[in-house]
Amino acid sequence: MKLPKYVQAWVDHDGRAHHYFRRRGFPRVRLPGLPWSPSFMAEYEKAISGARTAIGAGRVKPGSVAAVVAEYFDSQLFFTSKSAGTQRMRRGILERFRLPPNGDRPFALLPPEWIEATLDSKPPHAARSWLVTLRSLCKFALKRGYLRTDPTANIKQRTVKSDGFHTWNEDEIAQFEAHHPIGSKPRLAFALLLYTAQRRSDVIKMGRQHIRDGVLTLRPEKTETSTGVTLAIPVHPHLQTVLDATPSEHLTFLVTATGKPYGPNHFSETFREWCDAAGLPKRCTAHGLRKAACRRFAEAECSGPEIMSISGHATLKELVRYTKAADQAKMARNAMAKVVIR
């Protein structure tokens with residue numbers, strides 16, 4: 001299997017493989033586990049993020065927005081300790097935020113009005129992500145002495161009146177399955193999403209090494225650095241049928257046409273193409289299948305803690321948004337049938 005960029009490997013006299021991140025001008029970093037595994041890629045992301053920071057560090061003005069952002073990327077407390085997904089999101093936002101001419105501004109003179117104008121130019125959901133990211137950056141700047149007050153302190157998040165991602169209904173699920181037969185890659189991706197109730201960032205990392213005695217074990221990327229919970233999910237019989245019909249010689253179940261694991265965005269784009277091919281509306285997304293799985297659990301009268309043991313949600317309040325689309329009429333009939341008049 002091809003190694004990630006800047007990774008070198010060698011085998012010692014005992015037959016043990018060693019992998020290192022090697023790039024000219026940067027410290028050598030040893031990478032744990034197998035290439036492309038979750039632990040390996042987490043350390044790889046940290047190593048390559050540090051390299052990117054150092055590359056741009058010498059071309060910025062001290063105390064400027066660009067300089068503070070570069071320091072922020074090196075902060076263990078504010079950035080590198082976050083999950084890989086959070087790092088990707090914040091890096092994408094801040095790389096745009098520090099582009100010229102913004103990057104040359106003195107960070108100490110960053111006015112709240114300018115930040116609010118930036119947020120107002122974004123769609124509601126994007127504005128919330130930008131505010132969370134800029135608020136973290138300003139807290140870092142306060143700690144380092146670049147700011148005396150936080151310009152984001154009095155900025156309120158815009159209220160978003162939305163249920164979020166669309167929850168697939170049973171007709172949409174049947175339509176996808178009818179178009180993509182068992183044994184195809186689209187059906188494999190679909191089954192992994194629907195029968196594990198996991199996020200795309202975790203599904204693309206799943207492989208046969210994560211299954212033992214009929215149980216899929218994984219640590220969700222989003223909560224890896226917070227709750228650190230490890231999930232042990234029984235493999236549903238239908239998912240097992242799909243896995244058996246889709247043999248793979250790779251470390252991950254899902255790979256690109258060149259045999260490489262998918263990146264989150266590439267996977268979403270490809271899944272969109274599969275949905276289009278099945279004639280499904282744009283509202284049907286990969287994340288909507290995670291919500292559909294939770295809906296099915298709710299309709300099967302699973303308790304909140306039971307659903308959370310599979311989905312990995314940290315709180316019942318968070319789970320409620322995912323089970324909101326449960327069949328109200330069916331659940332109402334079930335509830336009424338439980339009322340016994342003596």
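**Group meeting talk: aromatic rings in a predicted chain**

Okay, let's start with the rings: the structure holds 18 aromatic pairs. A pair here means rings of Phe, Tyr or Trp (its six-membered ring) with centres within 6.5 Å; planes under 30 degrees apart count as stacked, over 60 as edge-to-face, and the rest as tilted. Take W168 and F271: their ring centres are 6.3 Å apart and the planes sit at 55 degrees, so this pair is tilted. The pair also links distant parts of the chain, 103 residues apart, with W168 in the loop between α6 (124-144) and α7 (170-179) and F271 in helix α11 (residues 264-277).

Before I go on, a word on what you're looking at. This is a predicted model, where local features need pLDDT of at least 70 and side-chain atom pairs count only at pLDDT 80 or more, while totals for chains, interfaces and linings use all residues. Residues are numbered from 1 along each chain as its sequence is written, and side-chain values use heavy atoms, with hydrogens and water left out.

Buried means under 20% relative accessible area, exposed means over 50%, and partly exposed is in between (1.4 Å probe, protein chains only).

F271 has another partner, F267, in a tilted pair with 6.0 Å centre to centre and 35 degrees between the planes. Those two are four residues apart in helix α11, so about one helical turn separates them. F267 is buried as well, with a relative accessible area of 0%. Ring pairs then join W168, F176, F190, Y262, F267, F271 and W274 into a cluster.

Now let's zoom out. The chain has 15 helices and six strands; helices (H or I, at least four residues) and strands (E, at least two) are DSSP runs, numbered from the N terminus. The C-alpha trace spans about 70 × 60 × 40 Å along its principal axes. Of the 342 residues, 43% count as buried.

Next stop, I310, in helix α13 (residues 304-311). I310 is buried, with a relative accessible area of 18%. Which residues does I310 touch, leaving aside neighbours within four places in sequence? I310 is in contact with T196, A197, Q198, L231, I233 and F297, where contact means heavy atoms within 4.5 Å. I310 and L77, by the way, are 233 residues apart in sequence and 29 Å apart in space, C-alpha to C-alpha. Across the chain, 59% of the contacts between residues at least 6 apart in sequence join residues at least 24 apart.

Last thing: how confident is the predictor? pLDDT is the predictor's confidence in each residue, from 0 to 100. The chain's mean pLDDT is 87, and 92% of its residues reach 70 or more. Over residues 53-57, though, the pLDDT is below 50, and this stretch has seven contacts in the model beyond near neighbours in sequence. Where pLDDT is low, the predicted coordinates should not be read in detail. That's me done, thanks!
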